[in-house]
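Subject: Handing over the structure

Hello,

Here is the structure I promised to pass on to you. Please have a look at it first, and then read on for what turned up.

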Amino acid sequence: MNIPQADTTAFVGGGNHERRFDFFKGYVIALVLITTLTLIGAAIFGAPQSREISLQDWAIAAPTDFILTASDELAGSGTHDSHGPPYNLLSQGESLGPINLQKLGGLHIPLDPANQFVIEPLQFSQKEGVYAAIGKLRDLSTSAQVETVKGFVDDQKAAVAAALLQWRAANSIQHTSWAQNYSTVLEEAGIREKVGVNPAYGPVRTLTDALLFLAQAGSLDGILTTEYSPHSSDFTGPSLFLGDGKYIAEQAKAAFEDGNRMAVDSGTNSYPGQFWLTPYAFWYSIKPFSSSKNADIDVFAILLIIGLSTIFLPKIPLLNRIPRALPFHRIQRRRKN
Amino acid sequence: VDTLAMSLNGPAKYIHLGPLTISIPNLIMFCIIIFLFTIPFLSGMLKIRRRPVAMEDARHQNEIDTLTLIAKWSHIVNSTMLAALTVVGASGLFMASRGLNWLYTSNVSRYVHAVHFWSVQILFIAIILHFIGNFWRAKWRSRAFAMWASGTITFFTCMFTAFTGGVVASNLNSQWIALQSKNVFNSLGVGSLFNTLNVGQMLTVHVAIFPVVIGSLVLWHVALVRGRSFRSPWKRNTISKGPK
């Protein structure tokens with residue numbers, strides 16, 4: 001007979017084994033080991049790095065997409081125009097059967113994309129006399145060059161002032177018509193330089209061009225974040241504008257094989273991401289959620305049920321018998337005699 | 001420090017398993033978890049000792065040996081979890097004291113960020129092992145519901161905290177995740193209470209509110225576990241049915 005009695009005491013009292021190990025000793029040893037491991041691991045593998053995309057990056061890398069997005073905002077057909085609360089009340093948002101929490105949440109971050117993203121920044125730049133060319137002034141050496149650029153700035157300023165006047169004098173139907181006419185032609189042409197002057201576009205071409213210059217110079221990033229304070233940490237405005245365009249989605253798709261997938265579990269570059277969220281992101285890629293308008297609330301409802309079931313697992317009949325039905329605890333080695 | 005860093009900043013490969021799309025790095029993390037989970041079983045199977053005992057004694061001995069291995073394994077996992085949480089907290093505190101823009105300014109900041117990043121990965125590996133280990137042993141038996149519930153709530157809170165950290169990490173990934181996941185909070189009607197595009201708000205939630213919540217939950221959970229285990233045994237040999 002060779003049964004160590006000390007071992008059996010480890011499992012009495014509902015199978016708690018912790019009492020036979022020194023809790024604090026274990027913690028201290030683990031702390032030393034894990035600290036060493038992470039210090040070495042961090043030195044070998046480093047930290048994920050990939051630059052965020054600014055409006056400036058977008059305007060420089062994909063000017064056509066930028067202008068098309070700005071034009072969509074002017075037409076009132078941007079992605080977030082139909083988002084619903086908390087940005088606007090133009091749609092109901094997502095609902096779970098008869099329950100619409102999004103509508104219940106109400107309007108808290110009022111968003112008027114045409115004015116906030118296009119008209120007001122241009123108006124602001126009029127007031128301050130800031131244009132993309134201002135950035136170039138710094139690099140100019142001769143006074144003749146400075147005069148040329150100043151002339152360009154004055155011309156731009158005058159053109160934008162006239163365009164803004166024309167825009168404000170027109171009604172929303174006219175706005176939509178101008179912007180849509182311009183978008184259609186620009187989409188066919190591919191680049192803005194190929195699109196000629198046409199009264200059917202109204203002031204849209206002048207406005208979007210000016211906004212592009214403003215963004216390319218980096219001014220738009222600042223203007224959209226400093227509405228309430230010059231030292232802002234709220235990027236809701238520029239992020240929503242960026243999100244309305246196709247550029248960031250293309251970049252994300254290239255980086256995380258995104259497609260229509262919820263990429264919340266993706267890592268940066270070749271780093272692991274929040275892999276524990278894979279069971280959450282998974283639901284977005286299967287039907288009916290992959291094509292549902294209410295995917296977010298539907299998937300959340302499923303996760304809520306799973307989460308509550310996990311918390312209350314001990315109280316749920318059948319589920320609390322799973323470990324007994326699938327007896328992992330029976331796996332053990334076969335002793336040979 | 002950077003010269004040591006292996007290049008993990010190239011694009012990741014993704015594989016498609018039916019509707020499931022998963023990156024190779026994430027898949028590796030899952031494989032690590034599965035491997036670590038099987039260690040007590042594997043080591044039990046590999047370490048075959050020969051002893052001159054009767055068959056029924058041997059079976060009883062096997063059971064005890066396996067349980068001892070699993071108990072040791074659990075102890076290691078539990079200690080790892082708390083140790084990793086400490087490293088996460090310490091590196092996080094350091095980063096929080098320096099501010100968000102500090103993250104990418106120097107080799108030191110990148111290194112501290114890397115320590116925080118990898119300790120979070122280790123923490124979640126340990127939490128998941130702890131979770132599945134306790135699930136398969138049905139540790140909620142013997143009126144331990146509060147212990148189980150406090151553990152699962154802590155797990156979900158950790159997930160949410162990690163999410164807020166992911167959103168403020170100032171890279172393309174965090175930008176895209178914030179943009180996508182704002183729809184989730186908007187659909188719940190809490191889009192302004194929890195605006196993922198507001199970096200200042202997310203950072204405050206990540207570094208001030210949730211660490212306190214997690215700390216309290218962990219204390220509660222550990223107190224419950226330790227409180228139980230200090231109780232005197234009330235029934236001996238309930239598992240063992242070996243020879244008297």
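This is a predicted model: local features need pLDDT of at least 70, side-chain atom pairs count only at pLDDT 80 or more; totals for chains, interfaces and linings use all residues.

A residue counts as buried under 20% relative accessible area, as exposed over 50%, and as partly exposed in between. By that scale C31(B) is partly exposed, because its relative accessible area is 46%. C158(B), in contrast, is buried, because its relative accessibility is 7%.

For chain A the mean pLDDT is 83, and 84% of the residues reach 70 or more. The stretch to treat with care is residues 1-18 of chain A, where the pLDDT is below 50. In the model this stretch still has 50 contacts beyond near neighbours in sequence.

Now to chain A as a whole. The chain has 17 helices and zero strands. It is made of 337 residues, of which 48% count as buried. Among its contacts with a separation of 6 or more, 56% are between residues 24 or more positions apart.

The largest nonpolar core has 125 residues. Those with the most contacts inside this core include W58(A), F66(A), L122(A) and W276(A), along with F124(B) from the other chain letter. The element that gives the most to the core is helix 3 of chain B (residues 107-136), with 15 residues.

Another spot to look at is D221(A), which lies in helix 12 of chain A (residues 219-225). Not counting residues up to four places away in sequence, D221(A) touches S54(A), L55(A) and Q56(A). Which atom of L55(A) lies 2.9 Å from a polar atom of the D221(A) side chain? The backbone nitrogen does. D221(A) and F235(A) are 14 residues apart in sequence, and their C-alpha atoms are 9.0 Å apart in space.

Finally, a hairpin in chain B. Strand 1 (residues 14-17) and strand 2 (residues 20-23) of chain B pair in the antiparallel sense over four bridges. I15(B) has I22(B), in strand 2, as its bridge partner. Two residues sit between the strands of this hairpin, and G18(B) takes a positive phi near 60 degrees there.

Happy exploring, and do write back with any questions.

Best wishes

Note on methods:
Residues are numbered from 1 along each chain as its sequence is written. Chains are lettered from A and ligands numbered from 1 in the order in which they are written. Side-chain values use heavy atoms; hydrogens and water are left out. A nonpolar core is a set of buried Ala, Val, Leu, Ile, Met, Phe, Trp, Tyr and Cys residues joined through side-chain atoms within 4.5 Å. Buried means under 20% relative accessible area, exposed over 50%, partly exposed in between (1.4 Å probe, protein chains only). Contact means heavy atoms within 4.5 Å. A polar contact is a pair of N or O atoms within 3.5 Å; within protein, one must be able to donate a hydrogen and the other to accept it, and residues adjacent in sequence count only if both atoms are side-chain atoms. Two strands pair if DSSP finds at least two bridges between them. pLDDT is the predictor's confidence in each residue, from 0 to 100.
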